Amino acid sequence: MTSPIIFYDIPSSLPGNAWSPNTWKTRFALNIKGVPYKTEWVEYPDIEALAKKIGAPSTGAKPDGTPLYTLPIINDPNTGKVIADSFLIAEYLDATYPNGNTLFPPGTKPLFASLESGVVGALGGILMLQLALSCYGLNPASEKYFRETREAAFGMKIEEFSPESKREADLAKAKGDLAAVDGWLAKSDGKYVMGNTISYADGILAGWLIWIKVTNGIWKDVATWHSGRWQTYLAAMESYATIN
């Protein structure tokens, strides 16, 4: 019998607990794949110690050059493998658990990587606002860590990330940029990125959109954009948004 994969995610004070777009991509991948898993919640200051304890690789470098450890991470007791980075985790799930839905149909990995770049670029206008909203929704230990690291990275206070004076322009930019993604989906023959075939492309797109919905600062606006495209799309992904 297959033992549940341990999936490490970052908790919050928001409804449902899950909020991070990067960890949501892995949660969607696990749910789409149908692989049993259980979530263990790890506050930001505890991620590095956990990663070192279980042998997870770093995913980058801090400004001082030391290794940076981030979530998502999965620990698979069935294989002894510990994987970090949402894209690498999705690749691992397809390779290790070939049954169920295929996350990467043949030849799609470069396209899905490009999709993510396009979606992240399209959200540029509201990225700083989303970072601020995320900070406000974290538990105290994580909020302190998130605030200190993001303020150091951007050279300003969280409260300055998205001033009200720029909000209307930022929203208008994001709406205009997301029109390109809306155009891509308009070419689909079904409710998912690849028509009626669920894939990791949906984990990517839904992961970023659900971040906006869960933090709930501007979702009421975004949900109506492009003839309600994003509300309809996330509704189609609801069965894959289970929090185990």
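By a nonpolar core I mean a set of buried Ala, Val, Leu, Ile, Met, Phe, Trp, Tyr and Cys residues joined through side-chain atoms within 4.5 Å. Keep in mind that this is a predicted model.

The largest such core here has 82 residues, and the members touching the most others are Trp19, Phe28, Leu93, Tyr200, Trp230 and Met237. Helix H8 contributes the most to this core, eleven residues. As for tyrosine 200, its contacts beyond four places in sequence are Lys25, Ala29, Ser86, Phe87, Ala90, Leu103, Phe104 and Phe112.

Now helix H1, residues 21–33. Its 13 residues should span 18 Å at 1.5 Å a residue, and the end C-alpha atoms are 18 Å apart, so the two agree. Twelve of the 13 are buried, so H1 is largely enclosed by the rest of the structure. Phe28 is among those buried residues, and so are Lys25, Arg27 and Lys33. What do the buried residues of H1 pack against? Strands S1, S2 and S5, and helices H3, H4 and H8.

At the start of H1, a side-chain oxygen of serine 20 comes within 3.3 Å of the backbone nitrogen of asparagine 22. After the helix comes glycine 34, with a positive phi near 80°.

Last, a helix pair. H4 packs with H7, residues 164–186, at an angle of about 155°, the axes being 8 Å apart. Over 145 degrees counts as roughly antiparallel, so that is how H4 runs relative to H7. On the H4 side the residues are Leu115, Gly118, Val119, Gly121 and Ala122; they meet Ala174, Asp177, Leu178, Val181 and Trp184 of H7.

Key: Residues are numbered from 1 along each chain as its sequence is written. This is a predicted model: local features need pLDDT of at least 70, side-chain atom pairs count only at pLDDT 80 or more; totals for chains, interfaces and linings use all residues. Side-chain values use heavy atoms; hydrogens and water are left out. Helices (H or I, at least four residues) and strands (E, at least two) are DSSP runs, numbered from the N terminus. The expected span of a helix is 1.5 Å times one less than its number of residues. Buried means under 20% relative accessible area, exposed over 50%, partly exposed in between (1.4 Å probe, protein chains only). Contact means heavy atoms within 4.5 Å. A polar contact is a pair of N or O atoms within 3.5 Å; within protein, one must be able to donate a hydrogen and the other to accept it, and residues adjacent in sequence count only if both atoms are side-chain atoms. Axes are lines fitted to C-alpha atoms, for helices over the stretch in contact, and angles run from 0 to 180 degrees between N-to-C directions. Angles under 35 degrees count as roughly parallel, over 145 as roughly antiparallel, 65 to 115 as roughly perpendicular and the rest as oblique.
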